[in-house]
Amino acid sequence: TFSDYAEIGVHAAILDLMGKRANLPVAALMGGAYRHRISVDYWMRRMTPEDSAIVCRSAQSLGYRGVKCKCALEDDNVERSEAIAQACGGDFKITFDPNQRFYRFAELIDMLKRLEKSGNIGCIEDPFAKQDTESYRLLRGQGLFPVAMHMRAGDALFRAIKDECCDYFNLGD
């Protein structure tokens, strides 16, 4: 909601002012940087395996080490993963993000078991409706790939942490 963003903005502004006053980076005010570099993946829409390979090769040439792919259960996800692995190697990781469209659990598990053979899947993000934490837990329990949820900070985030239904959070819009 707007009030959540406003509160986050106010907190960021206060931390920034405190850092300027102390002549320190904000990370120093919070106990120091956890890391100095973070990995950022390329992003691409739903497309054919052949086009996916071309896009990922281009992303790799720009220095990216992974890609977030929009997808649906009906897409050629296994073929897409294999084409990307052939074009970029197994170290170029894929995050499949169906925007909550992996709604048939049995078919999803079958596809994920076939995806496991390609060796280049980093995680599965938002496979189900966010309130369906039981399906997230069941998927995570399969141990095939890490599971991520894309959400804003707030009660839903704390509920997801409490329910232990995913491995990663993608925070933001």
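**Exercise 1. Which helix does Ser 52 lie in, and what does Ser 52 touch?**

Step 1: Find the element. In this predicted model, Ser 52 is part of helix H3.

Step 2: Check the cover. Ser 52 has a relative accessible area of 0%, and buried means under 20%, so Ser 52 counts as buried.

Step 3: List the neighbours. Leaving out residues up to four places away in sequence, Ser 52 is in touch with Met 44, Met 47, Arg 80 and Ile 84.

Step 4: Link up with helix H4. H4 runs over residues 77-88, and Arg 80 and Ile 84 are both among its buried residues.

**Exercise 2. Describe helix H4, from its span to its packing partners.**

Step 1: Take the span. H4 has twelve residues and stretches 16 Å from first C-alpha to last, close to the 16 Å expected at 1.5 Å a residue.

Step 2: Pick out the buried residues. They are Asn 77, Val 78, Arg 80, Ser 81, Ala 83, Ile 84, Ala 85 and Cys 88.

Step 3: See what these pack against.

Step 4: Look just past the end.

**Exercise 3. Work out where the buried residues of helix H6 sit around its axis.**

Step 1: Name them. In H6 (residues 133-142), Thr 133, Ser 135, Tyr 136 and Leu 139 are buried.

Step 2: Find the partners. The buried residues of H6 pack against H5, strand S5 (147-151) and helix H7 (155-163).

Step 3: Just after H6 comes Gly 143, with a positive phi of about 70 degrees.

**Exercise 4. Now zoom out and sketch the whole chain.**

Step 1: Count the elements. The chain has seven helices and six strands, and along the sequence they read α-α-β-α-β-α-β-α-β-α-β-α-β.

Step 2: Get the dimensions. Along the principal axes, the C-alpha atoms fill a box of roughly 55 × 40 × 25 Å.

Step 3: Look at burial and surface. Of the 173 residues, 35% are buried. The accessible surface is about 10,700 Å², with 54% of it belonging to carbon and sulfur atoms.

Step 4: Look at the contacts. Counting those between residues at least 6 apart in sequence, 64% join residues at least 24 apart.

Key: Residues numbered from 1 in each chain as written. Predicted model: local features only at pLDDT ≥ 70, side-chain atom pairs only at ≥ 80, totals over all residues. Heavy atoms only, no water. Helix = DSSP H or I, 4+ residues; strand = E, 2+ residues; numbered from the N terminus. Expected span 1.5 Å × (residues − 1). Buried < 20%, exposed > 50% of the residue type's maximum accessible area, 1.4 Å probe, protein only. Contact = heavy atoms within 4.5 Å. Areas by Shrake-Rupley, 256 points an atom, 1.4 Å probe, with all protein chains shown as cover.
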